Amino acid sequence: MNVQDLYQALKKSQEAKGIYFNKDKDLVFELLEALLLNKNRYGYMACPCRLACNDREKDRDIICPCVYREPDLKEYGACFCGLYVSKALHNNEIESGYVPERRPPEKIF
Amino acid sequence: MTRNNTTLYALSTCSHCKSTKKLLSECNVEFNYIEVDDLEGEERKAILEEIKAMNPRCSFPTIKINDTVIIGFKEKEIKEALGI
């Protein structure tokens, strides 16, 4: 899958859930390229902003969309890496800010 | 200008790490750059312990400027620590 196809497929499936890509398109494409790179090196699309350990089971929580996306969108309006934003942030109803790491450190190998 | 001892612990794919690297370069800062996802075995383990000692969450980027540790791409804090 190339990056354009990935962009279109995710845009459609995520917007149906009320979740949007970041408006910074350069950032979005940089992150999508990184997801494809991780798919190539690990076999799954691990979050580009987290350290994957090349074990699908151990990294299950950070396979994009990660399990931390939902609480981060709710609390900060964006996910940790910044790929996805909530409808409120998309509509400029809230301001974007720093999103701290939520993943427990014992999951990092 | 005082010489700072700066290390950037990063992931090769991470956007916040790339922004941090760009900022340091634009500020003409000399820095040690470690891409942790490219490390394996004992080397990786040692670096992870080093990061966890400074940043228990072990998130990226972690930036060490002299004795100051900054977690995440926080431009203002990074510049303050660099004295610029």
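The notes below cover the sheet in chain B, then the pockets and the cavity.

**Ground rules.** I am working from a predicted model, where local features need pLDDT of at least 70, side-chain atom pairs count only at pLDDT 80 or more, and totals for chains, interfaces and linings use all residues. Residues are numbered from 1 along each chain as its sequence is written, chains are lettered from A and ligands numbered from 1 in the order in which they are written, and side-chain values use heavy atoms, with hydrogens and water left out.

**Entry 1: the sheet.** I started with strand order and found an open sheet of four strands in chain B, S2-S1-S3-S4, with mixed pairing. Strands here are DSSP runs of E with at least two residues, helices are runs of H or I with at least four, and both are numbered from the N terminus. Two strands pair if DSSP finds at least two bridges between them. Which strands sit at the edges? They are S2 (32-35) and S4 (68-71) of chain B, each pairing on one side only. From one strand to the next, the twist averages 15 degrees.

**Entry 2: the parallel pair.** S1(B) and S2(B) run parallel, with four bridges. I noted one bridge by name: B:Thr7 has B:Asn32 in S2(B) as its partner. The chain goes from S1(B) through H1(B) to S2(B), a right-handed β-α-β crossover (with the strands pointing away from the viewer, the path from the first strand over the helix to the second runs clockwise). H1(B) itself lies across S1 (6-10), S2 and S3 of chain B, at about 160 degrees to S1(B). Contact means heavy atoms within 4.5 Å, and angles run from 0 to 180 degrees between N-to-C directions, with axes fitted to C-alpha atoms, for helices over the stretch in contact.

Entry 3: S3 (residues 62-65) of chain B pairs with S4(B) in the antiparallel sense over four bridges. In S4(B), B:Val69 is the bridge partner of B:Lys64, and B:Thr68 is that of B:Ile65. Two residues lie between the strands of this hairpin, and B:Asn66 in the turn has a positive phi of about 55 degrees.

**Entry 4: the largest pocket.** A pocket is an open set of points on a 1 Å grid over the protein atoms alone, with protein on both sides within 12 Å along at least five of seven lines; a cavity is a set where a 1.4 Å probe fits but cannot get out; lining residues have an atom within 4 Å of a point. A volume is the space filled by probe spheres set on the points, which are joined across faces, edges and corners. The largest pocket holds about 710 Å³. It has 32 lining residues, and the closest to its centre are A:Asn22, A:Leu27, A:Cys81, A:Gly82 and B:His16. Which element gives the most to this lining? H1(B) does, with four residues.

**Entry 5: the second largest pocket.** This one holds about 160 Å³. Its lining includes A:Arg41, A:Tyr42, B:Asp37, B:Asp38 and B:Arg44. H2 of chain A and H2 (41-54) of chain B each give two or more residues to that lining.

**Entry 6: the cavity.** How many cavities of 30 Å³ or more are there? I found one, and the largest cavity has about 60 Å³ of space. Among its lining residues are A:Cys47, A:Cys64, A:Cys66, A:Phe80 and A:Tyr84.
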